[in-house]
Each structure stands twice: as C-alpha cells, then as structure tokens.
Amino acid sequence: MRPSAVAEEAGTKPTPVRQKIHWGVVRRFLGHFRPYRGQVILGLSLIPVSVIFAILFPWLIMRIIDNQLVPMQSEGLLFWCLVLAAVLVGNFLADAVFNYSLQSAAQYAIRDIRAEMFSRVLHFPRRYFDKTPMGVTLTRLTSDLEAISESFTQGLLSMIRDVLITIALLAFLLFINWKLTLVLLLIGPLIYYITEILRRRLRDTYLRARVVLSQGTGYLQECLSGIKTVQLYNAEAAVQKRYATYTEGFRKAQSESNLYDSALYSIIEGITTVSMGLIIWYGSKEILAATISLGVLVGFINTLDKIFVPIRDFTSQMASIQRAFAAFDHIEEIYEEATEHESSDRQHLSAAERGQLDRFQSLEFEDVRFRYKADGPWVLQGVSFCLNRGSKIALVGSTGSGKSTILRLLTKTYVNYEGSIKLNGIELSRIPKAEVGKFFSLMQQEVFLFNESIAFNIGLEREASNPNFVKDAARYVYADEFIERLPGKYDFVLQGNGGNLSAGQGQLIAFARAIASGSEVVMLDEATSSVDSVTEQLIQKAIDHVFEDKTVIAIAHRLSTIQHSDEILVLDGGVIVERGTHGTLMAKAGFYANLVQKLDSGPDPA
Amino acid sequence: MTATARESNARFFFRYILHHKQAYGWGIVFIFLTNWLAVSIPLYLGESIDLLSSDALGQQQEALMRSIGAVVLFALLMVVTRTVSRVLFFNPGRSIERELKDDAFAKLTRMQPAFYREHETGTLISIVNNDINGVRALAGIVMLQVFNILFALSLTPLKMYQISPSLTLYCIFPVLITFAIAHKGIAFMRRMMRLRMVELQEMSSTTVGFLSGIEVIKSNRIQGWAERAFDRENDKILDRSLRLTLVRTVVLPIIAYTDRLLKVLILAVGGAYLIQAQLTLGDLTALLSYAALLAMPFISLGMVFSAWQTGIVSLESMRRILDQPEHHRDKVHLPPEKREGLFSHHLRVEDLSYTYPGSDTPALSNISFEIKPGQMVGVLGKVGSGKTTLVNCLNSYLEVAPGSIFIDGVDITTLSRQDLRSAVRTITQDPFLFSDTVTENIQFGADELADPLPLEQALHQSDMLDEVRQFPEQESTLVGEKGILLSGGQKQRLSLCRGLYTPCKLMVLDNVLSAVDNETERFLLDQIFNHSRSVATLIISHRATVLEKVDTILVLNAGRIVARGSHAQLLQSSEEYRHTWRLQQHDNGVVA
C-alpha cells in the first residue's frame with residue numbers, strides 16, 4: 001500500500017518550486033544531439049554569418065542617411081539600397097539554413113528521447129506502476145515532450161542566436177557612439193530586473209499548472225477506464241465535480257501566468273519606445289554639439305527594436321521555455337527511476353553459475369520475510385520450503401495470507417526480500433529478471449489481452465511463434481474449439497482487453513499464452529476461478545497435463561487441484577502454519593483439516 | 001450527426017465566447033486604444049527628428065521636449081492598455097478551455113458502451129488534453145490578434161497615407177506578395193499539423209494499451225516487440241515534424257523579413273522623394289517606424305491563420321465528443337418522490353431477447369421472470385451462457401428492445417438510466433477501484449444517498465475490516481491504480497463493501513465472489529443473505545453452492561432459461577442442475 005507521494009503532496013499544498021535549472025538534466029538532453037552533430041555544427045557555424053549581416057544592415061542605413069539623404073545626394077542612392085537588399089537576402093538564407101538544421105536535429109533528438117523513455121518505462125519495476133497512475137506516464141511521453149518540441153519550434157535556438165546578435169549590435173553601437181550606447185545600457189539592468197521577477201513567477205505558475213494538469217489527466221483516465229462503474233453507481237455528477245476541481249485549478253494557475261506574461265510583453269515594448277525618446281533627447285544635445293550625425297541618430301532609433309526585439313521575443317518565448325524546463329523536470333522522473341536492468345545486472349553471474357541456470361532444478365525459500373513498504377506490516381514472516389524439479393506445491397490459506405506475495409517474489413515483481421530464495425542454488429536477487437522469467441510462467445486471474453490477433457495474444461511473437469505452436473497451446477487448454485468458431489479464427493483481432501470475447505474465453509486465451517511460453521515451472525494463481533464448471537473441467541484436464549510434465553506451484557482454491565500436489569503449504573498471516581500431503585494434514589486434524597471441513601460443510605443439499 | 005442539424009463551428013464557438021462577452025468587449029476597447037497610441041508615437045518621433053534637423057534647433061528646445069514628452073507618455077500608457085487588453089482576452093480563453101473540458105468530461109461520463117467500443121480511451125484523453133490547446137488559442141490569442149490586426153491594418157496605412165500616398169501604395173505590394181507566399185505555406189503547415197495531431201493520438205492509444213498490459217509484456221519479455229510498435233508511431237511523428245520544420249524555417253520567416261524589406265523600399269523611394277524635397281527626414285523616420293507597424297500585423301496574421309486552422313481542427317476534434325447525441329430517455333428524469341417509489345411492486349422480465357450488434361446469434365432468448373421486494377433470485381450458468389448480458393440488460397448498460405423489462409409496470413426503456421440505476425444497483429465481477437483512499441472508494445457515488453453504514457461495519461460485512469486495519473494508513477490508505485496492490489479477492493470484497501455501504505432496492509451481484517476463497521465466500525454469502533439492507537437481491541454465479549439458499553434459481557444455458565425453481569426442486573427436475581451441482585460438490589466434498 002504505497003501511497004502516491006507525488007499526487008498527494010501536489011493535491012494539498014503547492015509544490016515547492018525549484019528555482020534553479022538542473023544542468024545535469026539539460027546536459028543529458030544535449031547528449032541526445034550527438035548523433036546529429038553534423039547538422040548542429042552546420043547550424044552553429046552560420047551564427048557568425050547571421051551576426052555580420054545583422055550589423056551590416058543598420059550600418060548601411062546610417063550610411064545612406066548621412067551620405068545620401070542629408071547632403072541630398074541622389075547619385076549612389078540606388079546602389080546602396082541594392083546592397084542593403086542583398087544583405088537582407090543573405091541574412092534570410094543564413095537564417096533559414098541555421099534554423100532548419102538545428103530544429104530538425106532537435107526533432108530527431110526528441111524522437112530518440114521518446115523511444116528511450118518508453119523503453120525505460122517498459123523496464124520499470126512494479127513499484128513504479130503501483131505509485132504512478134498511467135495518465136502521468138502518458139503525459140511524460142506525450143505532452144511533456146510536446147512542450148519541449150514546441151519550445152524548439154518556437155525558436156529556442158533562434159533565441160540563442162538573437163542574444164548573440166544583440167551583443168554584437170551593442171558592440172557596434174558602442175563603436176559608433178559610446179555615449180549614446182551608454183544610455184541604452186542604463187536601461188539594461190532595469191529590463192533584466194523586471195524580467196527576472198516576472199520570469200520567476202511565471203515558472204512557478206507553470207509548474208503548478210502542469211502538476212494540476214497531470215492530476216486531472218490521471219483522473220480522467222481512471223474515470224474512462226472505470227466508466228461502467230461510474231455509470232452503474234450513478235456517480236456521473238460526483239466525478240464531474242471532482243474533475244472540475246482540477247480544471248479550475250489549472251485555469252487559476254494559467255490565468256495568473258497570463259497576467260505576468262502580458263505585463264512582461266508590454267513593459268519591454270514600452271521601454272523600447274521610451275528609450276527612443278531618451279535617445280532623441282540626449283541626441284539633440286549631441287547634435288547641437290555636432291558630435292553625432294542625424295544618420296547615426298535615426299540609425300540608432302531603427303536599431304533599437306533589433307536590440308529590444310530579442311528581449312521581447314525572449315519574454316514571449318519564455319512561456320514555452322518555462323514549459324520546456326518544467327517538462328525537463330518531469331521527464332527527469334523517468335530517468336531517476338531505476339530500471340530493473342540496472343538493479344539486477346549489478347552483480348554478474350559467473351559462467352559456471354550461468355551453466356547452472358540451464359534448466360530448472362530446485363527452488364528453495366529459506367526464512368523469507370517481506371513487506372511492501374519499508375515501514376509497512378510484514379506480509380511474509382519467515383517462510384521456508386523447497387520446490388524440486390517435477391514436484392507440485394499447493395499454497396492454501398485465506399485471502400491476504402501471503403500466497404500471492406510468494407508468486408510476486410518469484411517473478412521478481414518485488415525484490416527487496418529478506419532471507420534467502422535460491423534458484424538452482426543461486427540467490428534469486430543475483431539472477432537477472434529476464435533469466436528468472438524463462439523458468440516461470442504465470443497463469444493469473446487477471447487477464448490482459450492486446451488489441452491484436454488471437455495468434456499474437458497466445459504466441460506473443462516469441463521465438464517459437466508459428467501457427468502450429470499457437471494451435472498446440474490453444475488445444476492444450478481446450479480453447480481451440482471456440483477459436484475455430486470465431487470469424488478469422490486465430491486471426492480474429494481482439495479489442496478492448498478482449499471485450500469482444502466472454503470473460504471465460506479471454507481467460508482461456510491467457511491460459512494458452514502461459515502454456516505457449518514453454519516454461520518449466522507453471523505458477524497457477526486461481527486461474528480456474530471465474531470459469532464455469534464445464535470449462536473448469538476442461539482446464540482441469542489441461543492442468544493434469546501440466547501436472548504430468550511440469551513443475552507447479554499453485555494458489556489453489558479447489559480441492560482437486562490441492563490433492564494433485566505433492567506438498568501443501570498452509571499459510572496464515574505470512575507464516576506456514578502446516579505442511580504435508582492432503583492425507584497427513586487431514587490426519588493431523590489441524591488448521592488445514594478445519595479449512596477443508598468448512599469447505600465441506602457448505603450449504604446442505606436440502 | 002447529420003449535416004443539416006449540425007451547428008456550424010463558428011456558432012458552436014461563439015456560444016462559448018458569449019459567456020464572456022463583457023471581458024471581450026472591454027478587451028476590444030483596450031486593443032483599440034493600444035493601436036491608436038502605437039500609430040501616434042511615430043508622428044511625434046518624426047516631429048522631433050524634424051526639429052533636430054532644422055537649423056533653428058537651439059530655439060525650439062521647448063517644442064522638442066514636448067514631442068519627446070508625448071512619446072514617453074504614450075509609451076507608458078501603452079504599457080497599461082496592452083497589458084490590460086491581453087489579460088482581457090487571455091483569461092476568458094482559459095475559462096473557455098475549462099468550460100469545454102468540463103463539458104467534454106460530463107459528456108464522456110454519460111456515453112454508452114457503444115461509444116467506448118468505437119473510441120479508445122487514449123484517443124479521448126488526447127482530445128481532452130491536447131486538442132483543447134488549439135481551441136484555447138482560438139478563444140485567447142486568435143481573438144486578440146483578430147482585433148489587433150483589424151485596428152493595426154486600418155490605422156497604420158491611414159497614417160502613412162497622410163504622409164505620402166504613393167509611398168504607402170509602394171509598400172502595399174511587397175506586403176501582399178509575402179503574405180500570399182506565407183499563406184500557401186501556412187495551408188500546407190495546417191495540413192501537416194492536423195495529421196500530426198492524429199498521429200499523436202494514435203501513439204497515445206498505443207501507449208495506454210502497452211501500459212495497461214505492462215505486466216504481461218514484462219513477464220513474457222516482449223518489450224522488444226512493444227518498442228518496435230512504439231518506434232513505428234514515433235518515427236511517423238518525426239517524419240511529420242520534419243516537414244513542418246521545413247515550412248516553419250524556410251517559408252514562414254519570409255513574413256518576418258517584410259518589415260526590413262519595407263525599410264529598404266522606404267529608404268530607396270522615400271530617399272528619392274526627400275532629395276526632391278517632397279518629404280522631410282522626420283517624415284522618413286516616421287515612415288520607417290510605420291514599416292514595422294505595418295509588417296507586424298502580417299507576422300501576426302500568419303500566426304493567427306495557423307492558430308485558427310489548428311483551432312478549427314481541434315474544435316472539430318472536441319466536437320467528436322461534445323456533439324455525441326445523448327439518448328432522449330436520459331434527458332427526462334422522474335420527480336424525486338416517484339424515483340423513491342420505484343420497485344415497490346416488482347421487476348418483470350418478459351420474453352427478453354438480446355443480440356449483440358454485429359452478431360447473428362442471440363446472447364439471450366425469450367427470458368421471462370419476475371423479482372419482487374423481499375425476494376432473492378439466483379441465476380446459474382456457465383461461462384458464455386448470458387449471465388452478465390442479462391445483468392447488463394437489467395441495468396440498461398445494454399439497450400434492450402422496448403416491452404421486455406418492466407419495473408412496477410413501467411417499461412425501463414422509458415426511464416432515464418439514472419432513475420433506473422437508483423433502483424437497480426449492480427456490483428460487477430470486474431470491480432474498478434480508483435487510485436484513491438479505501439474510504440473514497442467505498443463512498444464512491446454515495447454522496448447523495450441516505451443512511452450509510454458506519455464505515456467499519458460496512459468493512460466488516462465485506463470481510464475487509466481486519467485487512468484494512470493492517471494497511472499502513474487504515475481506511476485512508478491509497479489503493480494503487482485500479483487497486484493494483486490488492487488481490488483479486490480483496491478488490492471484489494472492497495467493491496462489495498461499496499455496494500453494501502448504503503441501502504438499495506434491487507441489488508444485483510454479478511459473480512462477485514469468483515476470486516475469494518471458500519471460507520470467505522461462506523461468510524460473505526451469510527452477510528448478503530442475512531444482513532443486507534437491499535429490498536431484493538439477484539445473485540448471479542456459475543457455482544451452484546452459492547445459490548442453494550435463494551428463493552428461486554434460474555438455470556441459464558446458451559441464453560435460455562432451461563430450468564427454474566428452488567434448489568430442492570431443481571435437484572429433482574433438472575438434469576443439468578444436478579450435474580453441475582454434483583461436479584461442484586465433488587470439488588468441495590472429496591474429503592467426505
């Protein structure tokens with residue numbers, strides 16, 4: 001019972017805002033550009049070209065005003081205007097190549113990140129899925145990456161170049177007239193200060209908005225998955241009310257950011273115009289003193305927007321960059337979570353040990369203790385038993401006695417057990433999950449079916465996947481009969497987790513899937529539970545097959561299954577209270593006998 | 001959705017816009033003020049340049065200061081008007097986003113199974129989450145820019161024309177040409193973006209599928225297959241993004257170069273005029289400023305067009321949810337007292353048959369039976385016999401033909417589903433639990449229901465109390481997504497607890513004890529039979545032992561009732577019943 005820390009925290013109090021950019025995250029992100037460095041280098045090398053063109057433009061304007069217009073010199077006006085036009089075209093071409101090469105590289109990198117994240121998610125331990133609603137993971141893979149992608153297309157890269165151009169232009173203006181430029185530079189800190197304050201608030205609200213959005217998505221996803229429950233309980237209005245709290249929270253956070261965003265945009269624009277006034281005011285004195293020309297003054301005014309526009313764009317792009325950084329932080333969750341690869345590959349097996357794992361020999365539990373949460377109650381409190389090749393063990397006990405937990409430990413769904421579990425004499429925690437998986441196949445009461453053909457759902461594209469192999473597996477569990485009656489037979493495509501089959505049929509498919517895996521040990525988890533008695537008979541026959549040539553560990557509710565077992569382990573509260581065969585346990589007249597008695601003394605056939 | 005009856009996109013959109021007409025109205029006033037201030041400023045700039053270039057600069061210091069003062073004052077005023085106008089447009093945009101999301105969600109909660117068969121959850125989520133952004137932009141930035149452009153494009157040329165009519169006309173041409181090029185580019189981009197959105201939705205659906213089946217993928221080690229399937233979708237999106245990038249980086253920037261192009265033109269042509277003394281340097285400066293003001297709406301226009309197109313696509317997408325017709329029966333609700341009185345006589349099934357859409361064999365044929373207050377009726381049948389179909393007909397999860405099911409003589413197809421379900425409570429065999437606390441899950445849907453049990457007692461009755469006590473935070477413990485950390489039996493019992501929490505009229509238990517062990521089953525049956533607060537109970541099972549104590553058992557086979565009667569009667573009369581019962585007795589009774 002691990003509560004979802006993220007959701008709980010974010011639901012009640014505002015998440016503490018991370019003020020600084022996490023450079024580690026950014027560095028990892030940039031690492032994904034490595035395969036596309038050719039494009040990146042081409043793009044970057046065009047920056048100086050862009051910068052030179054950007055300086056030439058105002059310089060030519062000043063020149064035209066001072067040399068042509070003020071002295072009323074019409075000769076050469078056309079020529080210089082053509083040069084100006086040529087500079088413009090050159091600038092356009094350089095910009096286009098720069099933008100395309102870098103932005104396409106970013107798209108490639110995002111594709112790679114998405115694939116990498118998905119692959120990580122596929123290898124996350126069960127714990128991750130216990131604490132993270134699916135909608136959150138989906139948001140990471142879609143909306144968050146979209147935010148980053150958007151940030152690139154909306155000119156994150158051109159912004160970097162624009163900043164360089166601003167600096168170059170300032171240097172150029174300093175060179176032309178340092179006093180006039182100083183007036184501009186005085187405004188600099190003011191702009192910086194205003195941007196800083198508003199930017200910080202913006203980032204706050206964006207982060208908050210994203211958290212609420214993600215919660216809302218999670219809730220939406222749950223309600224849609226459980227739509228039948230919602231409707232059958234007449235709970236439509238109740239869930240609508242709850243969902244509205246998320247949408248309202250999102251709206252509030254966004255409206256706040258609207259104010260900051262708008263103010264930022266307008267203030268910078270206002271400052272640009274005010275500086276024009278200031279320049280003219282100061283310039284008037286300089287012109288009186290004849291230290292600058294009119295051309296320079298007009299040139300300055302016309303360049304102002306080229307200096308301030310990047311800052312203004314900077315602020316309008318800020319929104320998407322904020323989103324991108326919030327998204328970076330979110331994506332980081334996927335990278336911070338350890339995958340099972342990493343946690344199990346740490347200790348390598350020696351060659352000899354790998355040889356030992358050739359085929360299943362024995363499984364030994366020794367004083368195994370386990371709890372789901374570090375401070376939770378113990379679910380297993382010192383369980384010891386041994387399963388040898390070919391033998392069959394039945395786990396019996398009331399719900400919550402720890403039966404399912406034993407199977408979960410075997411599949412390495414959960415790993416942090418105490419005591420020792422040895423597979424062929426090797427500690428289970430040292431064996432990679434994939435290796436363990438080859439030995440066990442799970443017949444579960446919970447069925448999941450892909451929206452693919454029946455053949456795929458049984459064979460799952462495993463090495464041996466061929467029609468006969470699939471059919472054999474289906475025949476093994478007596479599922480072939482109903483499959484043959486379906487339109488398209490084995491090519492019949494399932495939909496909505498097998499919604500176009502009956503529950504029992506779906507279970508038979510999942511059953512066939514377990515058989516098809518060809519594992520040596522079958523773990524049976526109440527697989528017969530919701531199947532009617534005739535089908536149950538069929539499956540019982542299939543289980544007899546399984547019992548003949550496989551090793552079995554079963555959570556059994558039916559006496560017939562229990563009786564086929566070599567050893568019965570009776571669990572209660574995480575402890576094995578009794579063990580033995582059906583006969584010896586009955587003779588003992590203890591817990592098990594009592595249990596069986598209760599089974600037996602059911603409703604009287606009146 | 002017929003073409004004639006369908007509301008146009010514009011009408012649909014303006015219905016939402018009108019909710020905020022005041023904000024938008026003031027927004028328009030402020031955006032006009034902003035534009036008016038913007039076109040006034042270059043005039044004062046030009047005036048001051050003329051003063052500077054005049055020979056008598058020394059005497060005109062005061063006039064110069066006045067012009068500069070006007071520039072600064074107007075600039076400061078503009079900061080205010082611009083901020084206010086943006087907020088006045090963006091906030092309603094956000095509110096409309098919220099309204100649309102809430103409406104879409106409300107609609108989704110009322111949609112019937114047929115809808116969910118056609119639409120995958122991932123796609124629906126993507127519509128509500130991603131497509132909404134396009135609509136919000138439409139209600140916010142697009143609305144703002146439409147008026148901004150409208151005012152800018154009328155005021156700027158007007159002012160320019162006052163300075164130099166011919167130069168204004170010269171400027172119009174390049175503006176129109178770049179606009180035409182950009183327009184083509186945007187049309188292409190719009191097409192690409194729409195396709196990209198569809199591809200993104202597909203990827204969401206695929207991902208949801210894989211995440212739901214993560215345990216199967218992991219335990220069968222087919223991550224490689226899942227990754228390949230994911231990569232295919234991922235590559236499609238990349239391909240689309242690259243095409244979009246090409247247009248964005250090569251075609252669309254042409255618009256952004258318009259203002260500089262205009263400046264070159266103004267310098268060349270205006271320079272010639274100046275030399276001919278038709279213009280002053282101040283005029284030229286003002287015109288150069290206007291170049292930026294004239295080009296800006298076109299830059300925005302490009303943005304507005306693309307946002308508009310995306311917005312319409314998104315709106316269409318949203319309407320796939322919002323325009324879903326609702327069944328007329330659900331629009332009329334019973335008055336409370338009538339609703340209270342439902343199921344005071346009986347629920348009668350008369351000759352009910354049901355065939356799933358697309359199937360040719362009926363799932364249920366000629367079913368007739370009756371259940372009265374105070375009765376317990378059992379339905380026995382094997383997998384595929386139509387048990388769950390019957391349940392889903394009774395609670396109108398499936399749509400039955402009129403004249404098949406009556407409650408107190410009223411055809412249930414004339415009742416709203418909400419009314420019907422207030423009388424018929426179904427506890428399904430595949431319980432769904434929310435990622436929420438145990439308490440919240442139990443109280444789910446019980447907000448307005450009277451007389452709940454003390455939580456503890458409800459937990460006890462469903463044999464969950466001891467286990468919940470063991471949970472780290474007892475009743476406040478969160479159960480994982482879909483209650484993942486609970487065993488199947490625990491989930492069923494929690495769902496049973498949810499059903500027992502408030503009294504109900506007809507309680508339908510659809511094979512709800514399938515995943516609990518025998519001992520627990522016995523206890524729960526006792527609770528259901530002897531301590532339930534339901535007026536009547538219909539209990540469905542594939543196990544005869546569960547049903548031994550009910551008043552009447554209906555034996556269902558291949559969608560037909562093949563036998564009916566009490567346990568004792570059926571043992572006598574029905575071969576099938578006897579057979580099933582023996583088999584299951586054998587199961588439980590080897591020891592004896």
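Select R417(B) to begin: this residue is buried, with a relative accessible area of 3% (buried means under 20% relative accessible area, exposed over 50%, partly exposed in between, with a 1.4 Å probe and protein chains only). The model is predicted, so local features need pLDDT of at least 70 and side-chain atom pairs count only at pLDDT 80 or more, while totals for chains, interfaces and linings use all residues. Residues are numbered from 1 along each chain as its sequence is written, chains are lettered from A and ligands numbered from 1 in the order in which they are written, and side-chain values use heavy atoms, with hydrogens and water left out.

**From R417(B) to its partner**

The side chains of E399(B) and R417(B) meet in a salt bridge, 3.0 Å from N to O (a side-chain nitrogen of Lys or Arg within 4 Å of a carboxyl oxygen of Asp or Glu). E399(B) lies in the loop between α13 (387-394) and β4 (405-407) of chain B, and R417(B) lies in helix α14 (residues 417-423), so the pair ties together parts that are 18 residues apart in sequence. Helices (H or I, at least four residues) and strands (E, at least two) are DSSP runs, numbered from the N terminus. E399(B) is partly exposed, at a relative accessible area of 34%.

Next, colour chain B by domain: domain 1 covers 9-323 and domain 2 covers 341-589, the bounds coming from an automatic or database domain assignment. Their C-alpha centres lie 56 Å apart.

**The interface**

Now show both chains. The contact takes 169 residues from chain A and 169 residues from chain B, where contact means heavy atoms within 4.5 Å. About 15300 Å² is buried between the chains, and carbon and sulfur atoms give 65% of that area; buried area is the accessible area (1.4 Å probe) that two parts lose on being put together, summed over both.

Three salt bridges are counted between chain A and chain B. Select R111(A) and D235(B), whose side chains meet in a salt bridge at 2.6 Å, N to O. Helix α10 (residues 236-288) of chain A gives the most to the side of chain A that touches chain B, with 31 residues.

Move to S104(A), in helix α5 (residues 77-122) of chain A. Is S104(A) buried or exposed? S104(A) is buried, with a relative accessible area of 1%. A polar atom of its side chain lies 2.8 Å from the backbone oxygen of Y100(A). Leaving aside neighbours within four places in sequence, S104(A) is in contact with Q39(A), L242(B) and T245(B).

**Salt bridges within chain A**

Chain A has 23 helices and 10 strands, and 60% of its 606 residues count as buried. Over all chains, the structure holds 30 salt bridges.

- Select R369(A) and E418(A): their side chains meet in a salt bridge at 3.9 Å, N to O. The pair links distant parts of the chain, with R369(A) in strand β1 (residues 362-370) and E418(A) in strand β4 (residues 418-423), 49 residues apart.
- Select R389(A) and E520(A): the closest N and O atoms of this salt bridge are 2.5 Å apart. R389(A) is in the loop between β2 (380-388) and β3 (392-397), and E520(A) is in the loop between α19 (503-516) and β7 (521-525), 131 residues apart. R389(A) is partly exposed at 37% relative accessibility, and E520(A) is partly exposed at 23%.
- Finish with R140(A), D144(A), R210(A) and E333(A), which are linked in a network of salt bridges.

How values were computed: Polar contact = N/O pair within 3.5 Å; in protein donor to acceptor, adjacent residues only side chain to side chain.
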